[in-house]
Amino acid sequence: METVAATETARSHTETIEFDDRTPKAFLIASIFWGIIGMTVGALIAFQLNFWQMNGKFLEWITFGKFHTEGISFLTFGRLRPLHTNAVIFAFVGNMMFSGIYYSTQRLCKCRTASDLLSKIHFWGWQLIIVSAALTLPAGLTQGQEYAELIWPIDLAVAAIWVVFAVNFFWTLHKRNEPSLYVAIWFYIATIITIAMLYIVNNLQVPTALLHSYPVFGGVQNALVQWWYGHNAVAFFLTTPILGIMYYYLPKAAGRPVYSYRLSIVHFWSLVFIYIWAGPHHLLNTSLPKWLQLSGMFFSLMLWAPSWGGMLNGLLTLRGAWDKLRTDPVIKFFVAGVTFYGMSTFEGPLLSIRAVNALSHNTDWTIGHVHSGALGWNGFMAAGMFYWLAPRLWRTKLWRTDWANFHFWIGLTGILIYVAAMWFSGIMQQLMLNTPDESGTALKYEFITTVDKIAPFMLFRAIGGTLYLTGMILMAINIWKTAKSGSFANETREVAVISREKKDIMRWGEVFRNDPIAYTAWGLLFGILWFFLPPLADVASLLACCVLVVMAVRAFKRSNHAWADWYERLAENWMPFTVLVLIAVAIGGAIQIIPTATLNSANNVEDRKQVLYTPLELAGRDIFVGEGCYNCHTQMVRTLVPDVMRYGDYSRLGESIYDHPFQWGSKRTGPDLAREGGRRSDKWHYAHMMDPRMNKGSRMPSYHVLYEAKTDIEALPSKIKTQRTVGVPYPAMSDDEIIDQAKKQAQEIAMGLIEGSDGVVVLKDDGTEAESREEAQQLLEKRKIIALIAYLQKIGTYEELAPKPVDPTINPIKPGLPDDFRKYTRSPVGEEPKPVTATVNP
């Protein structure tokens, strides 16, 4: 024993290190600042849904007409909603996450962050990205995909800064003076690896200009990739890093060790593997292939177990320390945050059940679900961490504990009001939308009627959000006063420096050639084949998977020490651990996404194929995307009888194969638009965009700017060329032909609007009326409203394909739907029934 001790002493020595606490401090301050900004925008758009005047006419409204802002489009809901979501996700939670990771990683690794320079580049680069987003999103510069709206130059910056963060993090792991990687580090690794994969794949795009691009993926494949990213951005940006923070800061605050190390292992690996498969549950009852919908639902339901395992591991860590809940605001926030995590991860799988999703999707119920996680889980964990960190960073006591307690209660009240209002609003509206009239062949309520009924709940949502924002402002003041009462200094600590022989020495053969990996790999292989093999073969594959599970359990019981020893060694080697994480998260994405490359092809669609947009219609579509119309309107008639009765025949996969980006949407603040093309006149659209109050009770903002701004016709040749690059089969056309086509169609629409006794009045740039019909036409044909009308009249246009041979025993309309489904293909409530026939461009 003395010889061993002497050897250990020779291999290591102690030294005093100074942690870099300036970086976590900077990210903490930035998180609070951007959090208040993002939530202020959120409160504003919540009130906009109650008072349409708070859109572009906000300043005119509050100054009683003295300040005219009808042309200020960046104040509209469609522009501000992406700003709100990106600010809360990437600015508030992102900065909070970086603060927590930089502080805890140094302590867990017992070394200073590898590079102060990289830390500074990371911080200032991330803030520059946020500022860029805050400038471009309200300006209408967007990709038009939820949580991925940032334009391509900013996407490149995000990727570059994320690489800087990753290099600094893994370099620090390499330098560490602690042999084993603690649980929190596992979750940080999963976050860094998976977000890089998700962000790069989802944001593959081809630029048309410095500020515009089209995504590589289109139609159903774009929808799948987007929600593979969108769902897992929630999983690996808003969940896994915060779980890592929970595993570090909750035990620190409670003064207790983590309840179960073994449970944390199960929690981590099952969560990392299962989460990545669950994205398709955002596309249930759509034209997404059924096997993908079922796989999304299946894996979403499986998430119940690991998610609640993590919640219980967090709450049970407080055993013996529950008395602190009465007096310590940090414990209050952590306990409530972990509880909201459990409730959100219970509700999420519940909403992924197809029958429940038919009721919840596109309604405020989903909004309530998202905010219970964002405000309750992310917001409360952030507050708890900030209140714990601030006294330690500035070496003093928290300025006002009673303010922190009040912040907790006002924030909790705000969340409960918000979420309850959204539950009532979503369920009530969908039930009303699904209610048939006395005949049973039509629907009872118009869409706008349901919006009027839920107006009180939308107001309660705004009030609840404002209460939560008030708590954030109190926290900002409290931490600012705490900082002023203390003095900041980097912490110094004496640590034992370990030699390289004690860490990162696992050989790759030892990583992969062992029972845990072998049983897992073969079990996954047969489990995955179960999805794809034909009848009987799929049953055999499932049985093989079950047999392997039984064999793995028996092998573990026989040699559990060998399995445990292997994992302990794995947890001491960051590179093999990281590779296994990458494999675990890549499997699900590859299996779901790669097959859709063949589905999103004109040769493989069902019975309809989308008709190409003309150049002017493509320009109008870009205007539609830039104004954020997808935030309120879907373009997907689901395979549900009430949807078909209200909007028309259900959407097919082939009807959107050339849409880059897809516009299926996820929320119906207004009605679905998938069957809007050709339903109303050009003059109706012209008047509606000018004054949506022609539909009494409409919350839609007025778009006066579209009647003044000009369409960028000269950009169309580059856009058409890019569309060809991403696979849209446009015929060969010269630049002049493209521009001439667009101008000719614009002239025809403008002429139709001006003609007749009810012709529109066209104003010149100085506000005076055009003096002649020719002048009016020349002015009008250049304006954005014309291109937008062209697009609105094209939505849903398709051509019928020759029918393929079908099994006579299967419903030819769609397997699994009733034979009399087509009889419900009716026009919206209040209009004359319209026969469901293919609409093909002449």
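Buried here means under 20% relative accessible area, exposed over 50%, and partly exposed in between, with a 1.4 Å probe and protein chains only. The model is predicted, so local features need pLDDT of at least 70 and side-chain atom pairs count only at pLDDT 80 or more, whereas totals for chains, interfaces and linings use all residues. Residues are numbered from 1 along each chain as its sequence is written, and side-chain values use heavy atoms, with hydrogens and water left out.

**View 1. T317, in the loop between helix 12 (304–316) and helix 13 (329–351).** Helices (H or I, at least four residues) and strands (E, at least two) are DSSP runs, numbered from the N terminus. T317 counts as buried because its relative accessibility is 2%. Leaving aside neighbours within four places in sequence, T317 is in contact with P251, R256, P257, V258 and Y259, where contact means heavy atoms within 4.5 Å.

**View 2. D765, in the loop between helix 29 (735–754) and helix 30 (773–780).** With a relative accessibility of 67%, D765 counts as exposed. The C-alpha atom of D765 is separated by 34 Å from that of G42, and these two residues are 723 residues apart along the chain.

**View 3. Helix 28 (residues 716–725) and what covers its buried residues.** The buried residues of this helix are L716, P717, K719, I720, T722 and Q723. Their cover includes strand 2 (205–209), strand 3 (212–215), helix 25 (615–626) and helix 29. After helix 28 comes G727, which has a positive phi, near 110°.

**View 4. The packing of helix 25 against helix 28.** The two helices pack at an angle of about 90°, and their axes are 10 Å apart; axes are lines fitted to C-alpha atoms, for helices over the stretch in contact, and angles run from 0 to 180 degrees between N-to-C directions. Helix 25 is therefore roughly perpendicular to helix 28, a term used for angles of 65 to 115 degrees. From helix 25, P615, L616, L618, A619 and D622 meet L716, K719, I720 and Q723 of helix 28. By class, this contact has 6 nonpolar, 1 polar and 2 charged residues, where Ala, Val, Leu, Ile, Met, Phe, Trp, Tyr, Cys and Pro count as nonpolar, Asp, Glu, Lys and Arg as charged, and the others, Gly among them, as polar.

Definitions and conventions: Angles under 35 degrees count as roughly parallel, over 145 as roughly antiparallel, 65 to 115 as roughly perpendicular and the rest as oblique.
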